[in-house]
Amino acid sequence: MNKMMITSAVFLMSNTSVTHLPEPKFPEYAFIGRSNVGKSSLINMITSKKGLAKTSGKPGKTITINHFLINENWYLVDLPGYGFAKRSKSAREQWKKMLFDYLKRRQNLVYTFVLIDSRLEPQSNDLEFMSWLGENQLPFIIIFTKSDKLGTVKLNQHIKAYKKELLRYWEELPVSFVSSAINKTGRDEILSLIDSENKLFSDYSSSIIS
Ligand code: GTP
Ligand code: MG
């Protein structure tokens, strides 16, 4: 496999609304999922930069839309998690509006990566969120996180059960990967997918300019 090298990864900005996002000139990939599922940790693992995205043992750490510029030609986005019960109803409503605005309006968004804790049974808020993406024709990829916390047998059982549940809602299964921020599982596959999408994006951009 031809591996993409990460030559630079920098934090660009945090936003609480979609009005001041970076110019949409590069392909963009966003990480979303329940609080504490490991979005920020995965960003650090993929970029091999500890501390690039802020992580925490306590859920509800990331509360803004955070843009990172990778290799000076694509964006990674860390989003706040959902399903954090300790937030007030109005804070959750505000979060939902910000997130849905972002997802619907961001024209350079290539894929949303939906992170699912590989240890948990299918959760209704994840399934509902994926249905919403589908209804809005937003392409997404599933990443089963924290795979290091389960043995191979259990992990495969969980993933199989999850896929079975998904087939109740989806005609075809979405693409999925397994990840671990601890032992770097999934890094090559995720980067290789991003690499091919980046190439398509630049072909597309040059075709509309010429
Ligand atoms: P919010 O920003 O609160 O929505 O959370 P988040 O999804 O960004 O999670 P974060 O990356 O902050 O990780 C939450 C906790 O899970 C931290 O204690 C991480 O160290 C731990 N964690 C994340 N990924 C992994 C993993 O792959 N394996 C293990 N064992 N722990 C992980
Ligand atoms: Mg986070």
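Two strands are taken as paired if DSSP finds at least two bridges between them. In this predicted model, three bridges join strand 6, residues 140-145, to strand 7, and the two strands run parallel. Within this pair, Ile142 stands opposite Ser176 of strand 7.

Both strands belong to an open sheet of seven strands, in which the order is 1-3-4-2-5-6-7 and the pairing is mixed. Strand 1 (9-15) and strand 7 (176-178) lie at the edges with a single partner strand each, so that one side of each is left without a neighbour in the sheet. On average, and with direction ignored, neighbouring strands of the sheet are turned by 25 degrees against each other. Helix 2, residues 89-105, packs on this sheet and touches strand 1, strand 2 (28-33), strand 3 (65-70), strand 4 (74-78) and strand 5 (109-117), while its direction makes about 150 degrees with that of strand 2.

With strand 3, the pairing of strand 4 is antiparallel and extends over five bridges, and His67 stands opposite Val77 of strand 4. The hairpin formed by strand 3 and strand 4 has three residues between the strands, and in this hairpin Asn71 takes a positive phi near 50 degrees. With strand 2, by contrast, strand 4 pairs in the parallel sense over four bridges, and here Glu28 stands opposite Tyr75 of strand 4. Five of the five residues of strand 4 are buried, so this strand is largely enclosed by the rest of the structure. Trp74, Leu76 and Asp78 point one way from the strand, whereas Tyr75 and Val77 point the other way, and all are buried.

The largest nonpolar core comprises 31 residues, and those with the most contacts inside it are Tyr102, Leu103, Val114, Phe129 and Met130. At least two residues of this core are supplied by each of strand 2, helix 2, strand 5, helix 3 (124-135), strand 6 and helix 4 (152-166), and the largest share, six residues, comes from helix 2. When its neighbours within four places in sequence are left aside, Met130 is in contact with Val114, Ile116, Phe140, Ile142, Tyr162, Leu166 and Trp170. A second, separate core of 27 residues includes Ala9, Met45, Ile190 and Phe201.

Helix 2 also packs against helix 3, at an angle of about 35 degrees and with the axes 11 Å apart, and the crossing of these two helices is right-handed. In this contact, Leu99, Phe100, Leu103 and Lys104 of helix 2 meet Phe129, Trp132 and Leu133 of helix 3. The residues involved divide into six nonpolar, no polar and one charged.

A further position, Ile63, is located in the loop between helix 1 (39-47) and strand 3. Residues count as exposed over 50% relative accessible area, and Ile63, with a value of 53%, is therefore exposed. Leaving aside neighbours within four places in sequence, Ile63 is in contact with Pro80, Arg87 and Met98. Ile63 and Ser14 are 49 residues apart in sequence, and their C-alpha atoms are 9.1 Å apart in space.

How values were computed
Residues numbered from 1 in each chain as written. Chains lettered and ligands numbered in written order. Predicted model: local features only at pLDDT ≥ 70, side-chain atom pairs only at ≥ 80, totals over all residues. Heavy atoms only, no water. Axes fitted to C-alpha atoms, helices over the stretch in contact; angles between N-to-C directions. Contact = heavy atoms within 4.5 Å. Core = buried A, V, L, I, M, F, W, Y, C linked by side-chain atoms within 4.5 Å. Buried < 20%, exposed > 50% of the residue type's maximum accessible area, 1.4 Å probe, protein only. Left-handed = near helix turned anticlockwise from the far one by under 90°. Nonpolar A, V, L, I, M, F, W, Y, C, P; charged D, E, K, R; others polar.
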